[in-house]
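Here's a quick briefing on how the strands pair up and where the charged side chains end up. Have a look at the model first.

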Amino acid sequence: MRIVELPEILAALDEDAALAAVESGFRRLHAFEAQVAAVGHLTFPDAPGDCHIKSAYIAGDEIFVIKVATGFHHNPTLGMPSGNGFMAVMSARTGEPLGILCDRGQLTDRRTAMAGVIAARAIHRPGSHTLGIVGAGTQARLQARMISRHLKLQTVLVWARNRDAAADLAAEVGGTSVSLPELCARAELIVTTTPSTEPLLTSDLVTAGKRIVAVGADAPGKRELDPQILARARVVVDSCAQCIDHGETGWAVRAALLDPASLIELGALLTAPIDFAAEEIVVADLTGVAVQDVEIAKSVWARLRGVEGLT
């Protein structure tokens with residue numbers, strides 16, 4: 001079994017190829033060509049922190065992937081990254097472990113940002129120029145860089161509860177730190193990236209035509225959006241089951257504000273694009289699906305195998 005450390009992983013990661021692979025994974029999921037296990041969650045309230053265990057197999061692949069990812073959000077105060085974890089690459093022919101990608105959570109971070117790009121491309125209004133980022137952590141940084149680059153958005157606005165962190169991120173990405181009401185007023189596309197357990201965006205801040213990609217609610221108890229926003233919106237989900245269970249969608253469904261039958265799975269939207277009306281609010285609720293882990297791990301593993309002759 002091969003143990004692959006982070007520098008080798010990052011050297012083998014082709015962002016554009018992995019982005020295309022993750023998009024393909026959503027399409028394969030919609031086509032019922034993937035087996036996705038139920039997500040395992042552990043929470044550590046005192047830290048605070050959480051752990052996710054995800055796994056999937058895509059029909060016809062030589063491998064399947066089991067991923068463990070952690071998020072301990074006070075770690076930066078200890079001089080440590082907030083995310084960590086690894087991906088186990090397993091043979092789908094024999095069941096043997098082939099390799100451990102010791103990515104320290106960075107493949108998870110990148111595949112999450114890639115899903116943000118994919119969802120943003122699918123729902124954004126043509127002619128949009130301004131991206132609003134809510135949060136100032138690792139995911140905020142990746143989403144700001146990747147979405148602005150792939151969608152060619154010229155202006156980036158940043159808001160976070162920690163004003164210094166927001167200002168630092170804005171300077172890093174060539175953006176501007178603003179208040180949350182100003183961000184919501186000016187940005188055509190808003191991406192929320194925090195581990196909040198209380199709504200940050202209230203319904204009165206979200207006007208007609210706004211497009212929102214919500215990536216923070218990836219475990220029970222997390223939420224960034226007022227459920228009334230979803231009641232007014234077309235809602236796209238990466239997984240109906242996961243988003244109802246522990247995404248933004250679940251809060252609105254449990255409050256009887258949103259009919260689960262109205263949900264649009266991202267894979268379905270990619271397969272049959274929708275021309276959303278300019279005045280429609282559209283929310284993409286992304287909880288993170290294990291097909292993303294399979295596809296990004298597969299992309300890295302294939303390049304490592306090509307370079308080193310791994311089996």
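Strands β1 (residues 2-4) and β7 pair in the parallel sense over three bridges; strands here are DSSP E runs of at least two residues and helices are H or I runs of at least four, numbered from the N terminus, and two strands pair if DSSP finds at least two bridges between them. This is a predicted model, where local features need pLDDT of at least 70 and side-chain atom pairs count only at pLDDT 80 or more, while totals for chains, interfaces and linings use all residues. Residues are numbered from 1 along each chain as its sequence is written, and side-chain values use heavy atoms, with hydrogens and water left out.

**Around β7**
- V4 sits opposite L101 in β7.
- β7 (residues 97-101) is mostly covered, with four of its five residues buried (buried is under 20% relative accessible area, exposed over 50%, partly exposed in between, using a 1.4 Å probe and protein chains only).

**The eight-stranded sheet**
- There's an open sheet with parallel pairing, in the order β10-β9-β8-β11-β12-β15-β13-β14.
- β10 (176-177) and β14 (264-265) are at the edges with a single partner strand each, so one side of each has no neighbour in the sheet.
- β9 (residues 155-159) and β10 pair over two bridges, and V158 has S177 as its bridge partner in β10.

**Salt bridges**
- The structure has 17 salt bridges (a side-chain nitrogen of Lys or Arg within 4 Å of a carboxyl oxygen of Asp or Glu).
- E23 and R121 meet in one of them, at 3.1 Å, N to O. This pair links distant parts of the chain, 98 residues apart: E23 is in helix α2 (residues 15-30) and R121 in helix α3 (residues 106-123).
- E23 is buried at 17% relative accessible area, whereas R121 is partly exposed at 35%.
- R186 and E182 form another, with the closest N and O atoms 2.8 Å apart; they're four residues apart in helix α6 (residues 180-186), so about one helical turn separates them.

**A buried charge without a partner**
- E248, in helix α9 (residues 248-254), is buried yet has no salt bridge; R223, the nearest side chain of opposite charge, is 5.7 Å away (Lys and Arg count as positive, Asp and Glu as negative; His and the chain ends aren't counted).
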